[in-house]
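I'd like to walk you through a model, piece by piece, so please have a look at it first.

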Amino acid sequence: MIIKNTIFDDHIHALPNPENTTRVQLPNGITLLTRPNFNSPTLSIKGYLNGGSLFDPEDKLGLSYLTAFGLMTGTANHDFQSLYNQIESIGASLRFSSSTLRTSFSAHCLSEDLDLILSLLADCLRSPSFPEKEFNRQKNQMLTALAIRAQDTGAMANLLFDQIVYCGHPYQHPEEGYTETVQAIQRDDLPDFYQRIYGPKDMALAIVGAVEPQLAADAVQQYFGDWENPSQNPLPIIEGIEPLANPTEKRLNIPGKYQADIVMGCLAPDRHSPDFHALRLGNNILGEFGMMGRLGQRVREVAGLAYYVGSSLSISLGPGAWEIIAGVNPENIDQTIALITDEVVNFVSHPVTEQELSDSKSFFLGRMPLMLDSNSDVAASLINIERFNLGLDYFLRYPQLVQEITREDIFEASRRYLDPERLAIAVAGP
Amino acid sequence: MTHAAQLITLDNGLKVHLKEIHTAPIISTWIWYRVGSRNESPGITGISHWVEHMQFKGTQDYPAGILDREISRVGGDWNALTHMDWTTYFEILPSHLYNLSLKLEADRMVNSQFLPVEVERERTVIISEREGNENQPRFLLAEAVQNAAFSQHPYKYEVIGVKEDLYSISREDLYQHYRRYYQPTNAVLSIAGDFNTHSLLQNIKEIFGDIPSGDSVRLILPPEPAIGHEKQVHITGPGETSYLQIAYRAPSAQNPDFFALTVLDSLLTGPSSLNMFGSGGTSNKTSRLYRALVEGEITVSCQGALHATIDPYLYSINLTLHPDRTPEEVLFAVDQEIKRVLDSPISKTEIDRAIKQARALFAFSSENISNQAFWLGYSEMFASYDWFENYVNHLSNVTPERVLQIAQTYLEPDNRVVGIYIPEGG
């Protein structure tokens, strides 16, 4: 079944593609992607280095997170205030964050400030000094954030879900660690982690906005061209994991709260799996399309049980997860779990309808132009393309990848992962 | 590729604000109604927000589910927001589908059904939404502070409403509220994106032009008395973390004092982003309160919040306490910083820096089509589009003397409510 999508066909050449996007590799391993857009005098910069909480020692989980935050607490050239004074005085932003596999950065500035922002980005990435005083302050901030997390029913249900579905795998731990593991981290752990993980090899950055690609490339060469770190560790091969043998449920009581959060689901494959697009369409039908797909219709619209319910795929490198979430009154937890399970049974018992498949394909093709709305949207897409080695022609091939999915593809792929008899169920609430 | 905004009023009173932007094949359509919690009274608090939910339940032409499918099939985004002064509905669609938004919004301006069975289903959904909010200590604190800060004005109540009212509001209450406020004279249609103004306007006239204008429902409320003397409210709840909210009665958006207070807020807690969509904010690490409180390890975070509203609302300083500090220590430290504003001259350089930041943030706000459509309508809800277009100019006119005067007028202890969240496990 071919869905004609006029808007996509008309504007496909406006989407990032080899003709309007420049990809340059520096000898030290950095990849730069640029996409000019002179419609507003602004720039978005996004990028990442390989390496995140996967490298955290078991007793110091949260180290990668604190190291990423520590990059902006002081450098060889700037103390905390001087660094932020430069950024905030021009209304710009620069942020670092860490996830399981990556340390990411993101900046936004007027195009006239490209040099300044790149010089500060390079300063943070290449010469952090991790001052003791700032470290202690950040550690306290993080411990408070963990105390707040312990009271957040949604965050805790997610954490429990990961512990069930990734049991025994490094992904079972939250990137921010736990109170006791963060308490164990000392200031000297940060430069040590930095030295092992940070470096130019396999780093990628995208610059999108009012700048000529050559100018951007020259600036990146100037600030990052001579960066080397021979002791930078590569990402290890990420092991797979067996799905649950039995249904597994964990409930966490958080007294004094009013609403409970539920996370249910199963493992999902790696981004490079041939099932990727079939699962994406399947998930859309199950818990995303419109007011959150079949699940939204059943749990929210008909039963009136939840303010929110839906499903999502968390797919990257290594094992991923297919998650169904809902927020409900504590009295409705069991009823909601039963309704969701019933929908899952239904989903893996019969192929989706032709109409659902057609709607979902149309959704994915139709929303492509919406990602042109801002420089940061385009930059995020370019980074995604680079990270998963999808090729600059990905958006040109994308319609075909979506169009060729059949009802049977979705049915078979979903049944490979989603087993109503072996669901992981996590609940946190009063 | 961007044209100046066109502001037109149809014969039936519907205001139409259009801005052609041909940077992406997208059209962002918003319809704004001058109704929110400001238009409510005890017994029906939360009704405007509930009406917003019911607007997704369908009409005869677009039954529930069909509407949703129409938008989702083209990959569009749609949603709605209810605030104190307004309710808005938006669709972000591929540009050739602009008529879908127009037809849908014209239809649900008059034809929503409010079926009793749907009202009852939505009652539990909304109570569930409120319970999700109640899980957050900051919501509980803000609700208590709002309640203490107003004696009679409807700003006293959270937009979602008090729980008792959510149990008792009837289908008839909802439908009457809908019929009273959802009409052309009480609405603004704001659209930005990839269209031709002339032909779009023709379509708008065809689709909306026949809707009867309705009675004027502009609401003028008696002024809320001054707070008069410092009030403190204490909330206890689960957790280990303490929160402090210091809320001062603030000027309305149309009061010239609003811009000077915006500059003062920028000095104290950092500049505010003008971006409802996408990126474009900056951090606040060099602001006075961050340096004194967060760097001083008295709090772990601090944010300011100044809302553009029709009537005077609140300027809040929101603080998450360092675990070793008491609310009294934090309040003392905030007062010391305010005293510094009052006692030591503010330099022109500091003001100029705040203006420069605002100028950059204003530029970021024009990067995104939906953000532009948002401001075309939003500014009209409390002032006019001029307010937004001249925003940076207004800030540029603020002098150090004016900031001092504003601090003296508004940041008085007698003009504030101090809310403290005390954790049971702390």
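Let's start with B:A106, which sits in helix 3 (residues 98-110) of chain B; helices here are DSSP runs of H or I with at least four residues, strands are runs of E with at least two, and both are numbered from the N terminus. Please keep in mind that this is a predicted model, where local features need pLDDT of at least 70, side-chain atom pairs count only at pLDDT 80 or more, and totals for chains, interfaces and linings use all residues. Residues are numbered from 1 along each chain as its sequence is written, while chains are lettered from A and ligands numbered from 1 in the order in which they are written.

Is B:A106 buried or exposed? B:A106 has 21 C-beta neighbours inside 10 Å, so it counts as buried. The rule is that a residue is buried if 20 or more other C-beta atoms lie within 10 Å of its own, exposed if 12 or fewer, and partly exposed in between, with C-beta atoms placed from the backbone. Leaving aside neighbours within four places in sequence, B:A106 is in contact with B:I207, B:F208 and B:I211; contact means that the C-beta atoms, placed from the backbone, lie within 7 Å. As for B:G281, 175 residues away along the chain, its C-alpha atom is separated from that of B:A106 by 35 Å.

You'll find B:Y62 in the loop between helix 1 and helix 2 (66-73) of chain B. With 19 other C-beta atoms within 10 Å, B:Y62 is partly exposed. Not counting residues up to four places away in sequence, B:Y62 touches B:L67, B:L104 and B:D107. B:N111 is 49 residues from B:Y62 in sequence, yet the two are 9.4 Å apart in space, C-alpha to C-alpha.

Now for helix packing, still in chain B. Two packed helices are described by the angle between their axes and the distance between the axes. Helix 1 (residues 47-54) and helix 7 (residues 171-181) of chain B cross at roughly 85°, and their axes come within 10 Å. Axes are lines fitted to C-alpha atoms, for helices over the stretch in contact, and angles run from 0 to 180 degrees between N-to-C directions.

Which residues of helix 7 of chain B are buried? They are B:L174, B:H177, B:Y178 and B:Y181. Seen down the axis of helix 7 of chain B, these buried residues fall within an arc of 100°, so they line one face of the helix; the arc is that of the directions from the helix axis to the C-beta atoms. Their cover includes strand 3 (26-33), helix 1 and helix 4 (116-134) of chain B.

Over to chain A, and a sheet. This one is open, with five strands in the order 7-11-8-10-9 (chain A) and mixed pairing; strands pair if DSSP finds at least two bridges between them. Strand 7 (248-253) and strand 9 (306-314) of chain A are the edge strands, each pairing on one side only. Neighbouring strands of this sheet are turned by 15° against each other on average, direction ignored.

What about strand 11 (residues 424-429) of chain A? Six of its six residues are buried, so strand 11 of chain A is largely enclosed by the rest of the structure. Strand 11 of chain A pairs with strand 7 of chain A in the parallel sense over six bridges, and A:E249 stands opposite A:I425 there. With strand 8 of chain A, strand 11 of chain A pairs in the antiparallel sense over five bridges, and A:D261 has A:A428 as its bridge partner. Strand 8 (residues 260-268) of chain A also runs antiparallel to strand 10 (residues 320-328) of chain A, joined by nine bridges.

Finally, the two chains together: their contact takes 60 residues from chain A and 57 residues from chain B.
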